[in-house]
Structures are given as C-alpha cells and as structure tokens.
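Colleague: I would like to learn how to read the main features of a model like this one. Please give the general idea each time, then the case at hand.

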Amino acid sequence: MAIAKAERLMNLALCLLGTRRPLSKRELRGSIEAYLEAGNDESFNRMFERDKDDLRELGLVIETVENLDGETGYLARRDSNRLPPVSLDAEEAAALGLAAKVWQQARLAGAASGALQKLRAGGMPEAGDPYEGQHSAIEPRIPVHEAAFEPLMLACRDRRPVVFDYRKSTAARPEARQVEPWALECWRGHWYLAGFDRDRGAERVFRLSRITGKVRSRAAKYTAEVPDVVTVRETVARWAGEGADRSALIRLRAGAGYPLRAKATAVRECGDGWDELEIPYGHGLDAWLVEFGPDVVVLEPAGLRADVVDRLRAVAKG
C-alpha cells in the first residue's frame, strides 16, 4: 500500500513538473495508471486531492490555474521548485563526510553515500579532512544489527504508532506492546526507543535488542503529546543507576559481571570465589542485576534485594 502511494505521488509530481501548461484533472487521470483504476469520479477526486495536499506538504509548489474556458488546471513550475545552489566550505563538507561515515554499518549507508555523491556533483568541495591529525585515530561508527531499527526509525519520522513483541529482562516470554514512538538513540553500544506505551499510559524506553519478531505500523494518530525534547539517554542512564546518590552492596562471583565491576565505587575480595562491590543504586537497578542471574547476590538495601528476588521468581514461574 505504501509503495503504491509513493509511486502514485511520484508520477503525479513528474506530470506536474514536466508540463509547460496547466493540466486538468481529466488529463491527469488519463496519464496516471493508478487514477485510471479508480472506480468512479468520486474516488478519483478524493485520491487526487489527497495526493495534491501530500505533495504540497512535501514542499512541491503546485499552482492552480483557470483557463479561458473556466477549466481548472495544475502545474509545478521548475523555477519555483528548484533548490538553491549548494554552497559549503571545506569544514562543512568535511562534517558531512564524517556524518556519512557514521552510517556505514547501517542500512542507511547507501542513502548517506548517495546523498554525498549528489552534493559533490553539485559543487560541494572534496577538501581534505580539517580534523586529520587531531582525530585521525577515531573512526566513527553507529552499529545497527537490530532488524527493528529501520521500521522504528521510519515510524518516528512519520509519527506512526507501532506494535511489537517485547521481552523484558525479567520475563521468560515476550508480550505485545502498543507504542507511539518518539525517538531512537544509541547509548553505550545499544539502541533504545523512547515512546508512549498505550497499554500502560506512560512514557517507556525499550531496548531494541529485546524486540522480537516484526515491528508492525498502524494507521492511526498519536494519543499523547510528543515532548519537545526526548531525553532517551538521560532516561536510560537514570534507570541504569547513573548519577544515583545511593549505593547498593552486592556479592559478585569472581571473574563475572564486568559491567558491574566497571561501575563499582569499591571492590573487596572475599576469598571464597566471590567479591563484594558497592555500586550506584538508582531506578531500574533491580532489572539490570537480574540479567546476571546466579552470579549476583544483593546484600543491601533490603528493598533492592526483595525486588530482585521478586523478579527472579517471576522468571522462574514463566
């Protein structure tokens, strides 16, 4: 359905841009196959008006002209729809080149590379990297291995609700989630989605690696207001205990749990195959500790210990 509409819009745009005189609805209907297949005049008129509005929202300047016979025609003059010349200095060109490198491991690599080639063909300078020498050892990458990334990115862009199966760290099986996606962000090597969870009626953050199956979009409007600034990274960091003003004491099996060791503010060897660690304690720490299974034992506070035990029992019950 989406591909058919995109093809129809492209054909309409080409007709309006390629004509030297205004084309009537009748002429446009006879020139575009999708319009010929419209069941009746009413269906065609509704389809044409929607398509015309969509093209205008995309930035195409469409003029409405009435001829001497009183018939209304449409055209898109090329001079009104021509982009201004591209004018970039060497540092701006280098910044775009650096941005294109970021996506080399993602499915956006082709689009980024193609856009860069078009800009260079339009006169963008191919200057050397002005940051070479300072950051020559840095090779920017955003790894994207999750199949959910692309459909979620498009859903965020188009403001379309989605449905997907999501497995929480404490659950044995995934469950369906209905989400109004807001933004995607990469944090410490993992991609996260922030959005409004319709079933829970609140903002939620989802780790893409825990989404199972296909992401299915829904043709519906958002029910919740999208924040002006979506702080995905801050939310994830807060849930992971970053910036917490409390501490938790845990026992960790020797040779295990390196992410926990990296966060520890104090480590003491117990000599029995276990170590004691003090780690920052913030919202969501219980869910993170459960991921380490039998390698972690919470000593204090008692509330955190109880939360971890409850989550482990939920997993055991399935």
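Colleague: How many helices and strands does the protein have?

Modeller: Helices (H or I, at least four residues) and strands (E, at least two) are DSSP runs, numbered from the N terminus. The protein has twelve strands and eleven helices. This is a predicted model, in which local features need pLDDT of at least 70 and side-chain atom pairs count only at pLDDT 80 or more, while totals for chains, interfaces and linings use all residues. Residues are numbered from 1 along each chain as its sequence is written, and side-chain values use heavy atoms, with hydrogens and water left out.

Colleague: What share of the residues is buried?

Modeller: Buried means under 20% relative accessible area, exposed over 50%, and partly exposed in between (1.4 Å probe, protein chains only). Of the 318 residues in the protein, 35% are buried. As for contacts (heavy atoms within 4.5 Å), take those with a separation of 6 or more: residues 24 or more positions apart account for 54% of them.

Colleague: Now the sheets. In what order do the strands of the open sheet of four lie?

Modeller: Two strands pair if DSSP finds at least two bridges between them. Here the order is E10-E11-E9-E12, and the pairing is antiparallel. Strand E10 (266-269) and strand E12 (296-300) each have a single partner strand, so they are the edges, and one side of each has no neighbour in the sheet. From one strand to the next, the twist averages 25 degrees.

Colleague: How many bridges join E9 to E11?

Modeller: Eight bridges join strand E9 (residues 246-253) to the antiparallel strand E11 (residues 274-281). Arg 253 stands opposite Trp 274 in E11. Helix H11 (residues 302-317) packs on the sheet and touches E9, E11 and E12. For directions, axes are lines fitted to C-alpha atoms, for helices over the stretch in contact, and angles run from 0 to 180 degrees between N-to-C directions. The direction of H11 makes about 150 degrees with that of E12.

Colleague: Which strands form a hairpin?

Modeller: E6 and E7 do, with four residues between them. Gly 201 in the turn has a positive phi of about 65 degrees. Six bridges join E6 (residues 190-197) to E7 (residues 202-207), and the two run antiparallel. Phe 196 stands opposite Glu 203 in E7.

Colleague: How many salt bridges does a search of the whole structure find?

Modeller: Side chains of opposite charge can pair when their charged atoms come close. The criterion for a salt bridge is a side-chain nitrogen of Lys or Arg within 4 Å of a carboxyl oxygen of Asp or Glu. The search finds 22. One of them joins Arg 8 and Asp 51, with the closest N and O atoms 2.6 Å apart. Arg 8 lies in helix H1 (residues 2-18) and Asp 51 in helix H4 (residues 41-57), so the pair ties together parts 43 residues apart in sequence.

Colleague: Are Arg 8 and Asp 51 buried or exposed?

Modeller: Arg 8 is buried at a relative accessible area of 13%, and Asp 51 is buried at 0%.

Colleague: What does Arg 251 form with Asp 272?

Modeller: A salt bridge, with the closest N and O atoms 3.1 Å apart. Arg 251 belongs to strand E9 and Asp 272 to the loop between E10 and E11, so this pair ties together parts 21 residues apart in sequence. Arg 251 is buried, with a relative accessible area of 19%, whereas Asp 272 is partly exposed at 45%. Elsewhere, a network of salt bridges links Glu 175, Arg 177, Asp 197 and Arg 200.

Colleague: And the aromatic rings: how many pairs does a search of the whole structure find?

Modeller: Rings of Phe, Tyr and Trp (its six-membered ring) pair if their centres lie within 6.5 Å; planes under 30 degrees apart count as stacked, over 60 as edge-to-face and the rest as tilted. The search finds eight aromatic pairs. In one of them, the ring centres of Tyr 35 and Phe 48 are 6.3 Å apart and the planes are at 75 degrees, so the pair is edge-to-face. Tyr 35 is in helix H3 (residues 33-36) and Phe 48 in helix H4, 13 residues apart. Both residues, Tyr 35 and Phe 48, are buried.

Colleague: Which residues do ring pairs link into a cluster?

Modeller: Tyr 35, Phe 44, Phe 48 and Tyr 74.
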